[in-house]
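Work through the exercises below with the model open. Try each task before reading its solution.

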Amino acid sequence: MTGTASEVHISDVQQKYPPRAAVISWIFFAWAAEPFFTLITTFVFAPYFATHVATDPARGQALWGFATAASGLVIALLSPALGAIADASGHRKPWIAAFGALLVIGSSLMWFARPGDPGTIPVLLVAYGIASIGVEFALVFNNSMMPTLVPPNRIGRLSGTGWAIGYVGGILSLVLVLGFLAASPQDGYTLFGFKPLFGLDPLTHQGDRITGPLTAIWFMVFALPMFVFTPDYPAKRAIREGLQEGMVELKQTLRELPKQKSIAAFLLANMIYTDALVSLFAFGGIYAAGTFGWNTIQIGTFGIILAIAGTFGAWLGGKLDDKLGPKRVIAGSMLVLLFAIIAILMVDKDRIFFVSVAPPTPNGPLFSAAAERAYLVLGCLIGMAGGPLQAASRSLLIRMAPRDRITQYFGLFALTGKITSFAGPLLIGIVTAVTMSQRAGMAVLVLFFVAGLALLARVR
């Protein structure tokens, strides 16, 4: 392959695209994977782990941060090589199936997270790492299928729609958990006023723990249409030959990357702001649990509202992407996120910015305190901006990357999204552990968003 291959873009290639059923089935892969992020990493299991499995919320946040950092480092180091091998060998679905199996196994083990049992912590953190690696690698290969599904001028809309549908899947999985499975330990009833299904015990938090097996079952059911209806890349080489050829092409891509200053600047910017965004989502529920004392139902309701905001944001962002361009959507999203995180750091249970307010009443009405409502509004801003930021980043990469090396570049995209992804959680964990302050730990994210904006300005 000559150096000119790096100049071949999607728009230069004419091809036939698959029917609508194939596209819809691909979109539903986001629906299938989203409960891992919604239920486990953000709104239900992670806060449960920090507040009920770990000895105290600050230590729980620190441990979760260290586990997130470790899995992120593994993902970062292996993504480019796996992407290069996939480009050389052709098929994507076998890789998606293999890594999907890791997601299923790791998530299922979350059931064993008994409250007040620190002895289960090492196994849980390993299981979480396995599931994280599985879902992230599966998404790398799934993302690389996008250029074969729609014309270049519809990539932004496809990317935004995928994120929006993923958010809807997250919403429904949260509604299922909060409305029918997870009950308050105080009264034994779910958000909808029902006794938990399957006899789940509120006192041992089985409604929180069931999110792991539910995530596994959800993925197996809703990922199936993609395997059945969405066409795969044709086979090129055997895996062994693909391994050799892929590594040769990856080395060539890495040698050429410094010459492609714009895409290099974008990948570097993506490295910084993705780290901040992932950390913000990962610790938002934990932070709320520690600041306001929210339980699973309160955090989950907060998550539903955020996901609804994220659905609208991702859908609107996809339209703005095709109209204004992905770079402007990314920049605008980051400005909103930067404002929101600074504002959140100035909200406490008895204070909004510099104004004292009445703290939440124990066992009071949902979000009755002014500080809780302020956090809710700011969370909605984060939800609305987070979807477009991620969707437009995926779209911008597809517009800039050479078509014949698209999975390599998605591997580099995952690399830059993960190589320092341990840095955000690690810094949050270290600062939180040293200061014993969740607010101080979250403050490091401001620096990440500022740096991401500065680097994005260099992308042409």
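**Exercise 1. Charges over rings**

Find the ring that Arg209 lies over, and give the distance from the ring centre.

Solution. Arg209 lies over the face of Trp111, 4.7 Å from the ring centre. The criterion has two parts: NZ of Lys or CZ of Arg must be within 6 Å of the ring centre and within 35 degrees of the ring normal. Now take Lys195. Its charged end sits over the ring of Tyr189, at 4.5 Å from the centre.

A note on the source: this is a predicted model, where local features need pLDDT of at least 70, side-chain atom pairs count only at pLDDT 80 or more, and totals for chains, interfaces and linings use all residues. Residues are numbered from 1 along each chain as its sequence is written, and side-chain values use heavy atoms, with hydrogens and water left out.

**Exercise 2. Aromatic pairs**

Classify the ring pairs Trp95–Phe141 and Phe302–Tyr375.

Solution. Start with the rule. Rings of Phe, Tyr and Trp (its six-membered ring) pair if their centres lie within 6.5 Å; planes under 30 degrees apart are stacked, over 60 edge-to-face, and the rest tilted. This rule gives 19 aromatic pairs.

Step one: the centres of Trp95 and Phe141 are 5.4 Å apart and the planes are at 15°, so this pair is stacked. Trp95 is in helix H4 (residues 93-108) and Phe141 in helix H5 (residues 121-143), 46 residues apart. Helices (H or I, at least four residues) and strands (E, at least two) are DSSP runs, numbered from the N terminus. Both Trp95 and Phe141 are buried. Buried means under 20% relative accessible area, exposed over 50%, and partly exposed in between (1.4 Å probe, protein chains only).

Step two: Phe302 and Tyr375 have 5.3 Å between centres and 35° between planes, a tilted pair. Phe302 belongs to helix H12 (residues 296-324) and Tyr375 to helix H14 (residues 370-400), so the pair ties together parts 73 residues apart in sequence. Both Phe302 and Tyr375 are buried.

Step three: look for a cluster. Ring pairs link Phe36, Phe37, Phe45, Tyr48, Phe49, Trp64 and Tyr128.

**Exercise 3. Salt bridges**

Which residues are linked with Arg399 in a network of salt bridges?

Solution. Apply the cut-off: a side-chain nitrogen of Lys or Arg within 4 Å of a carboxyl oxygen of Asp or Glu. The count comes to 3 salt bridges. Arg399 meets Asp321 at 3.0 Å, N to O. Arg399 lies in helix H14 and Asp321 in helix H12, so parts 78 residues apart in sequence are tied together. Arg399 also meets Asp322, again at 3.0 Å, N to O. The network therefore links Asp321, Asp322 and Arg399.

Next, check accessibility. Asp321 is buried at 2%. Asp322 is partly exposed at 28%, and Arg399 is partly exposed at 32%.

Asp117 pairs with Arg114, with the closest N and O atoms 2.8 Å apart.

**Exercise 4. Leu412**

Is Leu412 buried or exposed, and which residues is Leu412 in contact with, leaving aside neighbours within four places in sequence?

Solution. Leu412 is found in helix H15 (residues 406-418). Its relative accessibility is 3%, so Leu412 counts as buried. With those neighbours left aside, Leu412 is in contact (heavy atoms within 4.5 Å) with Pro80, Thr253, Leu254 and Leu267. Leu412 and Leu254 are 158 residues apart in sequence, yet their C-alpha atoms are 9.3 Å apart in space.
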